[in-house]
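Here is a brief report on side-chain contacts. It covers charged pairs and aromatic rings.

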Amino acid sequence: MSRIISLFFVFIFVFGNAQTASKDSLPASINGNLNQQFDYVFQKSNSFQEYKVIKKEYFALLKENSTDSVNRFKKELEQLKGNFLAYDKNLQSLKDTLATTKSSLEEVKNAQNNMNFFGISVAKSSYSMIMWGIVLALLFLSLIILFRFKNAKTIANESLRNFEKLEEDFEDFKRKSLEKEQKLGRQLQDEINKHKN
(Lines give C-alpha, C1' and ligand atoms only; values in the text may rest on other atoms or scores of the structure.)
Protein backbone atom coordinates (compact mmCIF):
# COMPACT_ATOMS: atom_id res chain seq x y z
CA MET A 1 0.00 0.00 0.00
CA SER A 2 2.89 2.38 0.78
CA ARG A 3 4.34 1.71 -2.67
CA ILE A 4 1.04 2.68 -4.27
CA ILE A 5 0.93 5.91 -2.28
CA SER A 6 4.57 6.73 -3.09
CA LEU A 7 3.93 5.94 -6.77
CA PHE A 8 0.87 8.19 -6.69
CA PHE A 9 2.91 11.09 -5.22
CA VAL A 10 5.70 10.59 -7.74
CA PHE A 11 3.24 10.79 -10.63
CA ILE A 12 1.60 13.88 -9.14
CA PHE A 13 5.03 15.49 -8.75
CA VAL A 14 6.17 14.60 -12.27
CA PHE A 15 2.96 15.60 -14.02
CA GLY A 16 2.54 18.68 -11.82
CA ASN A 17 6.00 19.93 -12.78
CA ALA A 18 5.68 19.04 -16.46
CA GLN A 19 5.61 22.11 -18.66
CA THR A 20 6.50 22.81 -22.23
CA ALA A 21 9.58 24.95 -22.77
CA SER A 22 11.25 26.38 -25.81
CA LYS A 23 15.03 26.38 -26.30
CA ASP A 24 15.16 30.00 -25.20
CA SER A 25 13.46 29.33 -21.84
CA LEU A 26 15.72 26.37 -20.96
CA PRO A 27 18.77 26.96 -18.72
CA ALA A 28 22.05 27.84 -20.43
CA SER A 29 23.70 24.61 -19.23
CA ILE A 30 21.42 22.53 -21.51
CA ASN A 31 22.96 24.40 -24.45
CA GLY A 32 26.56 23.23 -23.82
CA ASN A 33 28.27 20.30 -25.54
CA LEU A 34 26.59 16.89 -25.57
CA ASN A 35 28.43 15.64 -22.46
CA GLN A 36 27.37 18.73 -20.52
CA GLN A 37 23.80 18.33 -21.77
CA PHE A 38 23.65 14.67 -20.72
CA ASP A 39 25.10 15.55 -17.32
CA TYR A 40 22.63 18.40 -16.87
CA VAL A 41 19.63 16.27 -17.85
CA PHE A 42 20.82 13.52 -15.50
CA GLN A 43 21.24 15.97 -12.61
CA LYS A 44 17.89 17.64 -13.21
CA SER A 45 16.04 14.32 -13.60
CA ASN A 46 13.89 13.14 -10.76
CA SER A 47 14.63 9.80 -9.14
CA PHE A 48 12.06 7.07 -8.70
CA GLN A 49 13.46 3.97 -7.02
CA GLU A 50 16.48 3.10 -9.17
CA TYR A 51 15.12 4.97 -12.22
CA LYS A 52 15.51 8.52 -13.49
CA VAL A 53 12.46 10.45 -14.75
CA ILE A 54 13.46 12.90 -17.50
CA LYS A 55 11.42 15.91 -18.55
CA LYS A 56 10.07 15.51 -22.06
CA GLU A 57 11.39 18.88 -23.25
CA TYR A 58 14.90 18.00 -22.04
CA PHE A 59 14.74 14.65 -23.77
CA ALA A 60 13.44 16.21 -27.01
CA LEU A 61 16.14 18.90 -26.98
CA LEU A 62 18.84 16.33 -26.20
CA LYS A 63 17.62 14.19 -29.09
CA GLU A 64 17.59 17.19 -31.44
CA ASN A 65 21.08 18.29 -30.40
CA SER A 66 22.44 14.74 -30.78
CA THR A 67 20.96 14.52 -34.27
CA ASP A 68 22.46 17.92 -35.15
CA SER A 69 25.88 16.74 -33.94
CA VAL A 70 25.65 13.55 -35.97
CA ASN A 71 24.66 15.52 -39.07
CA ARG A 72 27.51 17.97 -38.50
CA PHE A 73 29.99 15.11 -38.21
CA LYS A 74 28.63 13.62 -41.44
CA LYS A 75 29.14 16.94 -43.26
CA GLU A 76 32.66 17.27 -41.88
CA LEU A 77 33.42 13.72 -42.97
CA GLU A 78 32.19 14.48 -46.50
CA GLN A 79 34.38 17.60 -46.60
CA LEU A 80 37.39 15.59 -45.45
CA LYS A 81 36.71 13.00 -48.14
CA GLY A 82 36.62 15.80 -50.73
CA ASN A 83 39.91 17.19 -49.39
CA PHE A 84 41.42 13.72 -49.51
CA LEU A 85 40.50 13.34 -53.19
CA ALA A 86 41.90 16.80 -53.99
CA TYR A 87 45.19 15.97 -52.24
CA ASP A 88 45.36 12.67 -54.08
CA LYS A 89 44.91 14.40 -57.46
CA ASN A 90 47.47 17.02 -56.55
CA LEU A 91 49.97 14.35 -55.47
CA GLN A 92 49.52 12.48 -58.75
CA SER A 93 50.05 15.69 -60.67
CA LEU A 94 53.25 16.34 -58.74
CA LYS A 95 54.44 12.79 -59.41
CA ASP A 96 53.82 13.30 -63.13
CA THR A 97 55.68 16.62 -63.00
CA LEU A 98 58.58 15.00 -61.17
CA ALA A 99 58.77 12.18 -63.72
CA THR A 100 58.80 14.72 -66.57
CA THR A 101 61.53 16.71 -64.85
CA LYS A 102 63.67 13.61 -64.35
CA SER A 103 63.23 12.71 -68.01
CA SER A 104 64.32 16.21 -69.04
CA LEU A 105 67.33 15.94 -66.76
CA GLU A 106 68.45 12.71 -68.44
CA GLU A 107 68.21 14.36 -71.86
CA VAL A 108 70.31 17.27 -70.61
CA LYS A 109 73.03 14.93 -69.32
CA ASN A 110 73.34 13.36 -72.75
CA ALA A 111 73.46 16.69 -74.58
CA GLN A 112 76.41 18.99 -75.30
CA ASN A 113 78.42 20.84 -72.69
CA ASN A 114 76.73 24.14 -73.49
CA MET A 115 73.00 24.43 -73.71
CA ASN A 116 70.47 27.12 -74.34
CA PHE A 117 68.43 28.05 -71.32
CA PHE A 118 65.82 30.67 -72.10
CA GLY A 119 67.96 31.77 -75.03
CA ILE A 120 71.15 32.03 -72.96
CA SER A 121 74.08 29.67 -73.40
CA VAL A 122 74.78 27.95 -70.08
CA ALA A 123 77.45 25.45 -69.07
CA LYS A 124 76.27 21.90 -68.44
CA SER A 125 77.21 22.00 -64.73
CA SER A 126 75.21 25.20 -64.16
CA TYR A 127 72.29 23.81 -66.08
CA SER A 128 72.37 20.65 -63.97
CA MET A 129 72.39 22.70 -60.77
CA ILE A 130 69.33 24.66 -61.95
CA MET A 131 67.46 21.49 -62.84
CA TRP A 132 68.33 19.84 -59.52
CA GLY A 133 67.11 22.94 -57.73
CA ILE A 134 63.76 22.59 -59.51
CA VAL A 135 63.62 18.87 -58.71
CA LEU A 136 64.39 19.51 -55.03
CA ALA A 137 61.79 22.26 -54.86
CA LEU A 138 59.21 19.91 -56.39
CA LEU A 139 60.25 17.10 -54.05
CA PHE A 140 59.95 19.45 -51.06
CA LEU A 141 56.53 20.50 -52.27
CA SER A 142 55.58 16.82 -52.70
CA LEU A 143 56.65 16.08 -49.14
CA ILE A 144 54.61 19.00 -47.80
CA ILE A 145 51.54 17.82 -49.70
CA LEU A 146 52.12 14.22 -48.56
CA PHE A 147 52.39 15.41 -44.94
CA ARG A 148 49.15 17.38 -45.26
CA PHE A 149 47.51 14.39 -46.92
CA LYS A 150 48.50 12.17 -43.97
CA ASN A 151 47.18 14.76 -41.51
CA ALA A 152 43.88 14.99 -43.39
CA LYS A 153 43.61 11.20 -43.43
CA THR A 154 44.31 11.03 -39.69
CA ILE A 155 41.69 13.70 -39.00
CA ALA A 156 39.18 11.89 -41.23
CA ASN A 157 39.79 8.59 -39.44
CA GLU A 158 39.48 10.24 -36.03
CA SER A 159 36.26 12.01 -37.05
CA LEU A 160 34.88 8.71 -38.33
CA ARG A 161 35.74 6.98 -35.04
CA ASN A 162 34.16 9.84 -33.06
CA PHE A 163 31.06 9.67 -35.23
CA GLU A 164 30.75 5.90 -34.79
CA LYS A 165 31.21 6.21 -31.02
CA LEU A 166 28.61 8.98 -30.86
CA GLU A 167 26.22 6.89 -32.90
CA GLU A 168 26.77 3.88 -30.60
CA ASP A 169 26.23 6.07 -27.51
CA PHE A 170 23.06 7.51 -29.00
CA GLU A 171 21.70 4.04 -29.88
CA ASP A 172 22.53 2.80 -26.38
CA PHE A 173 20.79 5.84 -24.89
CA LYS A 174 17.68 5.23 -27.02
CA ARG A 175 17.62 1.54 -26.07
CA LYS A 176 17.97 2.28 -22.35
CA SER A 177 15.29 4.98 -22.52
CA LEU A 178 12.89 2.60 -24.26
CA GLU A 179 13.55 -0.11 -21.67
CA LYS A 180 12.92 2.35 -18.83
CA GLU A 181 9.73 3.60 -20.47
CA GLN A 182 8.45 0.05 -20.98
CA LYS A 183 9.29 -0.94 -17.40
CA LEU A 184 7.55 2.15 -16.00
CA GLY A 185 4.55 1.43 -18.22
CA ARG A 186 4.34 -2.12 -16.90
CA GLN A 187 4.61 -0.92 -13.31
CA LEU A 188 1.92 1.67 -13.90
CA GLN A 189 -0.36 -0.96 -15.46
CA ASP A 190 0.30 -3.29 -12.52
CA GLU A 191 -0.63 -0.54 -10.08
CA ILE A 192 -3.78 0.30 -12.07
CA ASN A 193 -4.73 -3.37 -12.07
CA LYS A 194 -4.16 -3.57 -8.29
CA HIS A 195 -6.44 -0.57 -7.78
CA LYS A 196 -9.13 -2.10 -9.96
CA ASN A 197 -8.99 -5.34 -8.01
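Arg175 has a relative accessible area of 41%, so it is partly exposed (buried is under 20%, exposed over 50%, partly exposed in between; 1.4 Å probe, protein chains only). Glu179 is also partly exposed, at 41%. The two form a salt bridge, with the closest N and O atoms 3.1 Å apart (a side-chain nitrogen of Lys or Arg within 4 Å of a carboxyl oxygen of Asp or Glu). They sit four residues apart in helix H4, about one helical turn. A network of salt bridges links Asp172, Arg175, Lys176 and Glu179.

Lys174 and Glu171 form a salt bridge at 3.5 Å. Lys174 is partly exposed at 37%, and Glu171 at 42%.

## Model basis

This is a predicted model: local features need pLDDT of at least 70, side-chain atom pairs count only at pLDDT 80 or more, and totals for chains, interfaces and linings use all residues. Residues are numbered from 1 along each chain as its sequence is written, and side-chain values use heavy atoms, leaving out hydrogens and water.

## Aromatic rings

The structure holds three aromatic pairs (rings of Phe, Tyr and Trp, its six-membered ring, with centres within 6.5 Å; planes under 30 degrees apart are stacked, over 60 edge-to-face, the rest tilted). Phe38 and Phe173 have ring centres 5.2 Å apart and planes at 80°, so the pair is edge-to-face. Phe38 lies in helix H2 and Phe173 in helix H4, so the pair ties together parts 135 residues apart in sequence (helices are DSSP runs of H or I, at least four residues, numbered from the N terminus). Phe173 is buried at 18%; Phe38 is partly exposed at 27%. Ring pairs join Phe38, Phe59 and Phe173 into a cluster.

Methods:
Helix = DSSP H or I, 4+ residues; strand = E, 2+ residues; numbered from the N terminus.
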